[in-house]
Every structure is written in C-alpha cells, then in structure tokens.
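Work through the exercises below with the coordinates open. Each task is followed by a solution in steps.

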Amino acid sequence: MKYRLFKKFIIIFILFSALIAYPVSADNTGHVYNFYTSISKTGKGDNEMFEPEGMCFSPDGKLLAVTDTHNNRLKLFSVDTSPTASVPLKLEMIYGDLWPWDNRVLPGDHFDKYREDDYLRSRYPDPPTHLYGRAYQYGQSRIRPANKIPMDHFNLPVGVGWLGTTTMLICDTGNHRIKAMKLNGEVRFILGQEGWKDGYFHHPLGIDTDCAGRIYTTEPRGNYLRDFPLDWGQRMRVQGNRIQIFDTDLKPSKRLGHMHHMSGRDYKQFKNPTRVWVDLNGDIYIADNGNHRILVFENNMKKKEEIIKWQEYSMRYPNSFDVAKNGWIAIADTGNHKILMVDETRELRQIIGGFGTENGKFIKPHDVRFGPNGDLYVLDTGNGRIQIFKGMKIEDQFPRCPVPEPIEEPIQTQPLEELLPPPVVNKPKDSY
C-alpha cells in the first residue's frame, strides 16, 4: 500500500513539474496557434528547398521572398490572403542557382578548389561527376575583387528584406554584399563588398528597412585582428558583431556595436547578431544569437529592453523573430527547435514545436513571420519547408508602413500664356 501511494505521488509530481517547465497559453483566450499546412520539402527541385535561412513578406503582404540558402537561389511566392486558402503560397519566380559550377570564375589558388565527392553527395542527391571550383566564402586571406563576382548569382544568401513593394534586398552572404533586385530579376544596385570599414561587409546575415527607406544590416563575429589580437586586458579582439545603418543615399550613417571590440553582453555589445527589425517608431530589435537574447534599442541608439529568459524557460540561440501590430513577438528559438509566442507584456504564452520531422515539429527553424490575417509562417530550415499555423487574428498586419497621403496639385493662379516660355524668333541668316 505504501509503495502504491508513493508511486502515485511520484507520477503526480512529474506531471506537475512538466506543466511548470513547459507552459502553454490559456486555451480560453483563443491565442493558440495550431498547424495548418506545409509548403515544400528538402531538395533542389523547383518545389523544394535545401536549408533555407531567411524569408520576408513585402510591405503590402502580397509577396513572400525566401532565401533558398544552400541552393544559392531566391524564391518568390505570391500570397493568397483569403482566410480559407488551401494553398496560401504559389511559386512565381526563382532567381539564381548553383554557382560557380558554370566555369565563369576560375579558382585562383589552392584554397579555391576542391574535389570532396563524399561531401557533395551528402548535400545533393545526384551531384555531377566533376565540379569545377567552388563558391568563394569563409574569409580566406585573399579578397576576391567585387567586379569578378557574377551579378546574377548568389553565394549562400541568408537575410532578405524589401525596399518598397518592387525591390528585394538580399544578403548575398558568401559574396559579402547586399544585392537590390527588382521583381523581374534586374539588379538595381549592389551595396558594399568584403572588408571591415564602414559600408563594407563580412558575411552580412540580417537586413531590414524602415518606412523612410533607411537600410539596417547585421554582421556576425569574424576572426580576431591579426596585428592586434589582444586588447589592454589581454582579451581577444574580434571583428564584426555590429549593425550598420545606411541612409537613403546608401551611405553609412550610424552603427551599433564595434568591429574591434570583444564579444560581450554589455551595452552595445553583441555576439553573432543574426536578424534586425525596425518598428514604426524607429525602435531597433536585434536577435543577439550568441548571447541567447533579443535586444531593443531606441532610434537614438539607447538601450530600451532585453528579452532573454523566463522563470521556466531560457532561449538557446534565437535566430529570428517578428513583431505583430498588437505587440506580440514570435521568436524562432533555433537551438531548442521551437517557436515562442510572447505577448505585449513579455509573458511567454505558447511554445510551438520541438525537434522532429512531422507536422508541427521543426529542425533548426531559422525564421518566423506574421503573415496576412495573423497567420504564423515558420521557416523550418532543417526540413526544407515552410509551415503555416493559424490562430490569432491580426487584421491590420499589412501594409507595414502607413500609406503616404496624396500630394495635392498646386492651384494655378497665373494665365497659361505667362507660364509658357517666350516664342523663339528665327532670325534671317547673314548673306555673303
């Protein structure tokens, strides 16, 4: 009898502990997201993706751009905004592809070429027998000139954003640049090249724009400085860990973090920042991946808020997030293979998913976005797919920025004859 009572007590204690460790949002509030449908699968076909790492809705919510990272391409989907759409996403365009297997850029040294057949077979189901060279990446000692990189191809693109509704901004991460591309595939401009000065990049990861058209980018921690590896406290000095801000003329204007400072958790210190997002008030949200937190700065660069953990839950390498119009935040907790739903009071209301391949489970989710009608879009990176969840309704999530007021034409007060230039009188030519 005592053994049975003790066994029941242990079971009740375990169940109670599980409820405390894994809180879920109250069902009676209605703010619970449930799995709805899944788009794509792992592969290199048109309807497949291989470890995609970034996505972003257009400001009007009608298009979704996804970086198919390890296929070196960008995919553009049109969005069906009807609440009962059975297929919410329709593939419209694919930009770029594997590169430089077309031999346009030859390897310049031993570090630019390899023949690792086993590695290639693990990445692609049916690789070619011989691949010529490889994409330039991982910061070798020689910097490839920017004019030697094909304009129409990508090298491990990660972050994506929008400049208006017709121009996509892509973090061409392996090529250390930002590419602005129109919907028809025309390259509008290229921002930056490999380097550590302001306006240069070293593996840019995240990108966003505010309503004024300013561009915000993030860069992770790079290698230590070779000439000055230690600071005054004999701590390792590293490169990167910064957020750059570009004005509408594409010139760098502000910066958060410092390229020469040691990684840390102090004010304006980061460790591998991955994503950046700017709200209507100009507040800057940053996913400080290595420090397992989300930071919020005011538009004057003063620290405003830190979202790092709750009493029963701690984040592990949060890679991305999105903020709804009602103040809720969806966080892609990549290291824990989960999506966190946090309300406007910063209370953890729901934990979605866990490690797995079935519907509603994730493997390294790298991005999450609130879509039209408040639907939740999760970029399930390890499974090569987009999972869509339904629940909370947000009617005014799009358009993201306020629609500009129409410009009134000035009232014409002068007669038309006075506004026109004087008539030209043809003078007779001199005769000889």
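**Exercise 1. The disulfide**

What is the torsion about the S-S bond of C211 and C401, and is the disulfide left-handed or right-handed? Note that the model is predicted.

Solution. 

Step 1. Find the bond. A search of the whole structure gives 1 disulfide. C211 and C401 form it, with sulfur atoms 2.1 Å apart. The cut-off for a disulfide is 2.5 Å, so the pair qualifies.

Step 2. Take the torsion. Its value about the S-S bond of C211 and C401 is about -95°, so the disulfide is left-handed.

Step 3. C211 sits in the loop between β10 (206-209) and β11 (215-224), and C401 in the loop between β24 (385-390) and α3 (416-419), so the bond ties together parts that are 190 residues apart in sequence.

Step 4. C211 has a relative accessible area of 42% and is partly exposed. C401 is partly exposed too, at 23%.

Step 5. Look at two further cysteines. C56 is buried, with a relative accessible area of 7%. C171 is buried as well, at 0%.

**Exercise 2. Strand β4 and its partners**

Determine how β4 is covered, and which strands pair with β4.

Solution. 

Step 1. Sort the side chains by direction. R73, K75, F77 and V79 point one way from β4. L74, L76 and S78 point the other way. Both sets are buried, charged residues R73 and K75 included.

Step 2. Pair with β3. Strand β3 (residues 63-68) runs antiparallel to β4, over 6 bridges. One of the bridge pairs is L64 with F77 of β4.

Step 3. Inspect the turn. The hairpin of β3 and β4 has 4 residues between the strands. There N72 takes a positive phi near 55°.

Step 4. Pair with β5. Strand β5 (residues 89-96) is joined to β4 by 7 bridges, again antiparallel. K75 has I94 of β5 as its bridge partner.

**Exercise 3. Two nonpolar cores**

Which residues of the largest nonpolar core touch the most other members?

Solution. 

Step 1. The largest core has 17 residues, and W310, F321, I329, I331 and L340 touch the most other members.

Step 2. Trace the suppliers. At least two residues of this core come from each of β15, β16 (293-297), β18 (318-323), β19 (329-333), β20 (338-342) and β21 (348-353).

Step 3. List the contacts of I331. Leaving out residues up to four places away in sequence, I331 touches I294, M315, P318, S320, F321, K338, I339, L340, V342 and V368.

Step 4. Separate the other core. Another core, of 16 residues, lies apart from the largest one. Among its members are A330, I352, F370 and L376.

Conventions. Residues numbered from 1 in each chain as written. Predicted model: local features only at pLDDT ≥ 70, side-chain atom pairs only at ≥ 80, totals over all residues. Heavy atoms only, no water. Buried < 20%, exposed > 50% of the residue type's maximum accessible area, 1.4 Å probe, protein only. Pairing = 2+ DSSP bridges. Core = buried A, V, L, I, M, F, W, Y, C linked by side-chain atoms within 4.5 Å. Contact = heavy atoms within 4.5 Å.
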